[in-house]
Amino acid sequence: MTSNKAGQRRGVFVSFEGGEGAGKTTHIRFLAETLEARGFEVVRLREPGGTAIGDKLRSIVLDPGNAAMCDACELLVYEAARAQIVEEVIKPALDRGAVVLCDRFFDSTTAYQAYGRGIDADFVRRANQFACQGVVPDRTILLVPPSTKDGLIRATKNDGADRLESAGVEFHERVRNAFAEIAADDPKRIRTVYSADKKSKTSQAVFAELADIFPFMVELLADESGAHFAPLDTKKPHTGKATFAAPVSHSKNGAE
Ligand SMILES: Nc1ncnc2c1ncn2[C@@H]1O[C@H](COP(=O)(O)OP(=O)(O)O)[C@@H](O)[C@H]1O
Ligand SMILES: Cc1cn([C@H]2C[C@H](O)[C@@H](COP(=O)(O)OP(=O)(O)O)O2)c(=O)[nH]c1=O
């Protein structure tokens, strides 16, 4: 739980990180549905994107047709999209007490642009700070697929590879190692969860890393039948309530 300058209670910010096909979309969706069912206002976002401007920047930066894009341009496009989503969506949502779930945040820029592309890490850190205006996730879940190749296959099997997914296995191997280093440097905020097992098992591990923030999760985890998580292993879609569109309901419960 974060507080603003006046020390007032604010919402909760959870980011999900990891390489391609790590399972971020799957587990954010399930978490969002679980929180919404308990009356939390959930704002589900992805980066780059989440605003009208950010969505336009997303299509530019991921377009495989933009092969000419240089690394500096790529970094600045991600930061531009981030500056907009922080100002327009994340800060207001946290100020009104919502739970913000974001698919990627500044750790992705450290992993992809600093370690992956080789841009000066200190410059990337300052660019992240500039775009984030002091907003830092309360918790970050780093999802790790079985291997880089498995993740890329998972990510591209339905709709082909975007510009970043086409960057080659070696690039994505550097990104995978980078995430491991970033997580090791900040174990309080960043929790690593392996997504090699069944989705239900991965989800239980995600909830275990969030239970100090959302105490109701302790009960779900204590149910040894695992029934609460079983829907993740069926082919049926979840309730489908949680989408990338911003706020879906008004808060009945603030996070404890
Ligand atoms: N344990 C697991 N957790 C999450 N996804 C998994 C798992 N095992 C297999 N998958 C599959 O991996 C694919 C990529 O998941 P997705 O949530 O889209 O990843 P991301 O958003 O990180 O790219 C999906 O087809 C999903 O069904
Ligand atoms: C936010 C961010 C994403 N990226 C990359 C990671 C992904 O390849 C891509 C986002 O595409 P996306 O389709 O959202 O990938 P995923 O489903 O795996 O999250 O942009 C960066 O390189 N730097 C960043 O700062």
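Which element gives the most to the shell around ligand 2?

What we have here is a predicted model, where local features need pLDDT of at least 70, side-chain atom pairs count only at pLDDT 80 or more, and totals for chains, interfaces and linings use all residues. Residues are numbered from 1 along each chain as its sequence is written, while chains are lettered from A and ligands numbered from 1 in the order in which they are written.

Let's start with the sheet. Five strands form an open sheet in the order β2-β3-β1-β4-β5, paired in parallel. Strands here are DSSP runs of E with at least two residues, helices are runs of H or I with at least four, and both are numbered from the N terminus; two strands pair if DSSP finds at least two bridges between them. At the edges sit β2 (42-46) and β5 (190-194), each pairing on one side only.

Further in, β1 (residues 12-17) and β3 (residues 99-103) share five bridges in the parallel sense, and Val14 stands opposite Leu101 in β3.

Now, back to my opening question: α4 gives the most to the shell, with four residues. Both α1 (24-37) and α4 (106-116) supply at least two residues each. The shell has 17 residues, and Tyr78, Ser108, Thr109, Tyr112 and Leu164 come nearest to ligand 2; a residue is near if its C-beta atom, placed from the backbone, lies within 6 Å of the molecule. By type, the shell holds six nonpolar, four polar and seven charged residues, with Tyr counted as nonpolar, Asp, Glu, Lys and Arg as charged, and Gly among the polar ones.
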